[in-house]
Amino acid sequence: MGGKDEFYNRAKQQGYRSRASYKLQQIDEAEELFERGDTVVDLGAAPGGWLQVAAEEVGEQGTVIGVDLQRIDDLDDHDVETLRGDMTDERTQHYLGKAMGDEKADVVVSDMAPNMTGEYSLDHARSVHLARQAFEVAEEFLAPGGHFVVKVFQGEDLHDFREEVSEHFEYVRAMSPEASRDASSEVFLVGKGRITAPVEEGDRLTVEIEHEGDEGDGIAYLEGYSLFVPGAEAGDTVEVVVDDLKPKFGFAELVDDEDENDGERGGDSDDG
Ligand code: SAM
């Protein structure tokens, strides 16, 4: 095939700048990333295949910003803003912040890849480094509920990176789209529904119930994040354990005083 495979040919015919376009299309079909009017940040965007797909999906009301080390030629059919710079350089992050203004991103995607040396563990380590950089950008610019897609080469640090990302999204899935070459070690982690809660599941804390929700649950506010507490009433100060976090609100259970007292009574005897 001389490297010119089905997706390469399709890209040529359909006017996409790279075969990579189909990877993003396939991820979008599986995970429903984009909506009309969304703001999208694309890292490692040259030559612009993903920019074309994102721009098509968000439509004219949407905003797409692409960043790459390489210059990205203007797109003919879409109004896309591009920046040239190294995402590992703070200056580039600063310019991206300027381009975003007060906007938050609905989707952050990264197809960044290091120059391959052929040395497996080095290429993997560099890829994870770039993926972490993309995750930092997501943490800074992604709106609550927003989605994150990042390319990583498989290897020993992938598991830990995936765990880190998982803590901040409703769920994370690893995907190998059909358009990735068979021999490629790349996977795409897709984080759906960014969670911005200032607590984690399992945390135990004391909260003040300020309101009551429609379903009768008490609501406490933690730095603007709503925590629903079934069985608590407005005005109560209660101890809770966080048990389920969604992007914009979460649930916590009242710590049962009786269980506590039982526990304490049980603790009257010597520990050993
Ligand atoms: N998604 C693109 C498309 O559809 O056309 C293809 C991206 S290509 C696989 C990977 C890109 O990551 C390269 O253009 C490369 O210049 C870029 N890249 C690698 N390291 C980078 C960095 N530190 N900062 C910005 N871009 C980087």
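**Close-ups of a predicted model**

**View 1. A proline in a loop.** P47 sits in the loop that runs between strand 1 (39-43) and helix 3 (49-58). Here helices (H or I, at least four residues) and strands (E, at least two) are DSSP runs, numbered from the N terminus. The bond to look for is the cis peptide bond joining A46 and P47, with omega at about 0°. This is a predicted model, where local features need pLDDT of at least 70 and side-chain atom pairs count only at pLDDT 80 or more, while totals for chains, interfaces and linings use all residues. Residues are numbered from 1 along each chain as its sequence is written, and side-chain values use heavy atoms, leaving out hydrogens and water.

**View 2. Glutamates with a positive phi.** Start with E32, in the loop between helix 2 (20-31) and strand 1: its phi is positive, about 50°, though it is not a glycine. Then find E223, between strand 10 (218-222) and strand 11 (225-229), with a positive phi of about 45°. Most residues other than glycine have a negative phi. E32 counts as exposed because its relative accessibility is 61%, and E223 does so at 75%. (Buried means under 20% relative accessible area, exposed over 50%, partly exposed in between, with a 1.4 Å probe and protein chains only.)

**View 3. A buried histidine.** H147 belongs to strand 5 (residues 142-153). Its relative accessibility is 14%, so H147 counts as buried. Follow its side chain to the backbone nitrogen of G193, 3.1 Å away.

**View 4. A glutamate in between.** E201 is in the loop between strand 7 (186-194) and strand 8 (204-208). It counts as partly exposed because its relative accessibility is 48%.

Definitions and conventions. A polar contact is a pair of N or O atoms within 3.5 Å; within protein, one must be able to donate a hydrogen and the other to accept it, and residues adjacent in sequence count only if both atoms are side-chain atoms.
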